[in-house]
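Please read the following report alongside the sequence and the coordinates.

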Amino acid sequence: MNLFNVNRFAKLTMVSLLALPAAVQAETAYVSNEKSDTLTIIDTDSLEVTNTVDVGMRPRGIIFSQDYKYLYICASESDAVQVMDVATNRILHNLPSGEDPEQFALHPNNRHLYIANEDSAVVTVVDTESRTVIAQIDVGIEPEGMAVSPDGKWVINTSETTNMLHWIDTSTHELVDNTLVDQRPRHVEFSKDGSLVWASAEIGGTVAIVDTTTRQINHTIRFKIPGVHRDKIQPVGIKLTDDGKYAFIALGPANHVAVVDAKTYEVLDYLLVGRRVWQLAFADNHSKLLTTNGVSGDVSVIDVNKLKVVKTIKAGRYPWGVVVKP
Amino acid sequence: MAYFTCFTGILIRELLRFWQQRSRLISALVRPLLWLVVFAAGFRAALGVAIIPPYETYITYEVYIVPGLAGVIMLFNGMQSSLSMVYDREMGSMKVLLTSPMPRSFLLVSKLLAGAFISTLQVYAFFAIAWLLDVQAEPIGYLVVLPALVLTALMLGALGLLLSSFIKQLENFAGVMNFVVFPMFFLSSALYPLWKMQESSEWLYQLCLFNPFTHAVELIRFAMYSQFNAQALAVTLGCTLAFIGLAIWGYDPKRGMVRRKVGG
C-alpha cells in the first residue's frame, strides 16, 4: 500500500533539476544470468531493469569491445563465445572458443581474446576479426581468471586447482613463469599502471598483491567479518578505483563486499549485499559499483563515495558477470 | 488563553514528573537498547535480512528492529501514563486536576499531548544512541518520522488512558503488562517481518494484522525511509481517534467507568 513514494519523487525532482544544465550521463549495465541464459540490462541512473535478452547457454564472463559496439559473451555450455551487436541486442555470430569458456580478457589491440577453457586446461587465443584460433597455451588445471596488462605485454591466467598465476608473454604466446598463490585463485586484476596484480583465492580466503616485475607476492590481505564463519569468506571479483584509493573485493557466500585501502591494503569496511556476491563493475564514472549476487538473483548498487549500499535490483537466476557501457 | 494556560500547566507537570524520575528515562532507554545490543546480537543476521518494503537492499537485523523498538518505547510510555493515572486517582491528585473549569475532554487530550511529547523525546534519545552504535538511517528520515512518532505516541497514550479508566487498583497493573503490553509487542512486526510469522502460522499472522501496534510500527518504519504507508496511517489514525473517544467516555462522570466505580 505504498501509494506515494516520497523518496523517489524527491530523487526525480533532483535528477530533473540537475539534468537541465548538464545532461546526466546515464550508463547501461549488462548482467549475465548463468541459470536463466539471459542478459539483464539495467539503467545505472534510474537503477531499473530496462530489458532482458536471451543468449546462449550458461552465460558467465562478459566483456565489451573497446568501442562498445560488440559484447562478447562466454556461453559456457554452448562451448562458444558469442558476439552481440550492442545496438540491436542481437547475437551476430559465435567465435571458436575451445571447450567451456568461463572468463576471458580482451587485449588492448581490441582484437585478441584470451579465453580460459575450464575443462581442458588451456588458454585459447582467438582473433575476433578473422574469427580463428591463433594459439592454445597449456596452463594449470581448471583455468579461470584472466587479465591482460595495460601495456598489453602480459596475460595472466589463474588455475583453480593448480593454485597458480600463469604469466603468458603475448608476443610469443608462451607460458613464461608461474606464481604460487593460495587455494583456488579465481580472479586477477591489474592496477592502473600495471605495476601490481591483485589475485583472489576463493578457498584460501585471501587476496595476494603480486609485483609484476618480480612476480612475487608483496602482501596478502585477509578478511574477518564478525558473525560470519571463516569458511564462508571466499574472495572472487576484484575492482580498483581509477584514483588508486580503494579496492573492492566480492566475498562470495559471505554476502559482503570488502572495501580495502588500495595503498595500505588495510580493510576499511564490509558492505552487506545479496547472497553469494560474485563479480563487480563500476558505473557512472566510478561513483557506483555494481555487484552480481548469484544465489539471491539480484544486483546490489554501492555508492562509492559514501561506501553504502543504496539499492538491490532483481535480475535473472544466478547473475554472474557484469559490465557497464557509458 | 485559559486553555493555553491549562495545557502548559499539564505539560509542565508531566515534564516535572519526568524530570524528577530521571531513572525513568534511563529505564526507558535501557529496555530498547538491551533488545538492540543483546537480543539482536543473539539473533544476528550478519548475512542479511531478505528485502521487504520500504528497504531497498539487504539490511542487518539491528537495522530492522530500530522502528519496532521506537514503538516499544512509546508502548511502555503509554502504559506508564496509564499507571500514573491510576496512581493519581488513588493519591487524590487527580481530583485537583479534574476540578479545573476546563472541559474534561480538553484536560485528557492535554495530558495525552504532554505524554506524547515526552515519549517522542525519548525515542529521539534512543535514535541518537543507535546512531552511535552504527545503526543509521538517512538523516532526512529522522525528520520525516516525527509526525509518525507523535501519532503513535498519541495512540498508545490514548490506549493507556482508556485502560486506566477500567483499572480500579494499582495492583491490577501487572495484568496490563501480561494482557496488553507483551501481546501487543510480540504479535507485531516490531521484532520480525510478518512474512516469517505467516510461514509458521497463518492465524498468528492474522492476529498480527489486527494489532494496531503492527501498523504503528510500519508507519514509523516507512517514514524513517521517507516513504508513506497509507494503510498503516489509516489504521493508526483510526485507532487513535477511537481510543481517545472511548477514554473520554470512560472518564465521563455521568456515563463512564469512573462513576460506576465510585457508585460501587
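Asn157(A) stands opposite His166(A) in E14(A), where strands are DSSP runs of E of at least two residues and helices are runs of H or I of at least four, both numbered from the N terminus. Strand E13 (residues 154-159) of chain A and strand E14 (residues 164-169) of chain A are paired in the antiparallel sense over six bridges, two strands being taken as paired if DSSP finds at least two bridges between them.

These strands belong to an open sheet of four strands in the order E12-E13-E14-E15 (chain A), with antiparallel pairing. Its edges are strand E12 (143-148) and strand E15 (174-180) of chain A, each of which pairs on one side only. From one strand to the next the twist averages 25°.

## Basis of the model

This is a predicted model, in which local features need pLDDT of at least 70 and side-chain atom pairs count only at pLDDT 80 or more, while totals for chains, interfaces and linings use all residues. Residues are numbered from 1 along each chain as its sequence is written, and chains are lettered from A and ligands numbered from 1 in the order in which they are written.

## Chain A as a whole

The secondary structure of chain A comes to one helix and 28 strands. Its C-alpha trace spans about 60 × 45 × 35 Å along the principal axes. For 326 residues a compact globule would have a radius of gyration near 20 Å, and the 19 Å of chain A agrees with this; the radius is taken over C-alpha atoms, and the globule rule is 2.2 Å times the number of residues to the power 0.38.

Of the 326 residues of chain A, 48% count as buried, meaning that 20 or more other C-beta atoms lie within 10 Å of the residue's own, as against 12 or fewer for exposed and values in between for partly exposed, with C-beta atoms placed from the backbone. Among contacts in chain A between residues at least 6 apart in sequence, 42% join residues at least 24 apart, a contact being a pair whose C-beta atoms, placed from the backbone, lie within 7 Å.

Strand E8 (residues 101-106) of chain A is largely enclosed by the rest of the structure, because five of its six residues are buried. E8(A) pairs with strand E9 (residues 112-117) of chain A in the antiparallel sense over four bridges, and Leu106(A) has Leu113(A) as its bridge partner in E9(A). Five residues lie between the strands of this hairpin, in which Asn110(A) takes a positive phi near 65°.

## Helix packing in chain B

H6(B) and helix H10 (residues 212-224) of chain B pack at an angle of about 165° with their axes 7 Å apart, the axes being lines fitted to C-alpha atoms, for helices over the stretch in contact, and the angles running from 0 to 180 degrees between N-to-C directions. H6(B) is therefore roughly antiparallel to H10(B), a term for angles over 145 degrees, with under 35 counted as roughly parallel, 65 to 115 as roughly perpendicular and the rest as oblique.

Ala148(B) lies in helix H6 (residues 139-164) of chain B and counts as buried, because 26 C-beta neighbours fall inside 10 Å. Leaving aside residues up to four places away in sequence, Ala148(B) touches Leu219(B), Ile220(B) and Ala223(B).

Conventions. Two residues are in contact if their C-beta atoms, placed from the backbone, lie within 7 Å.
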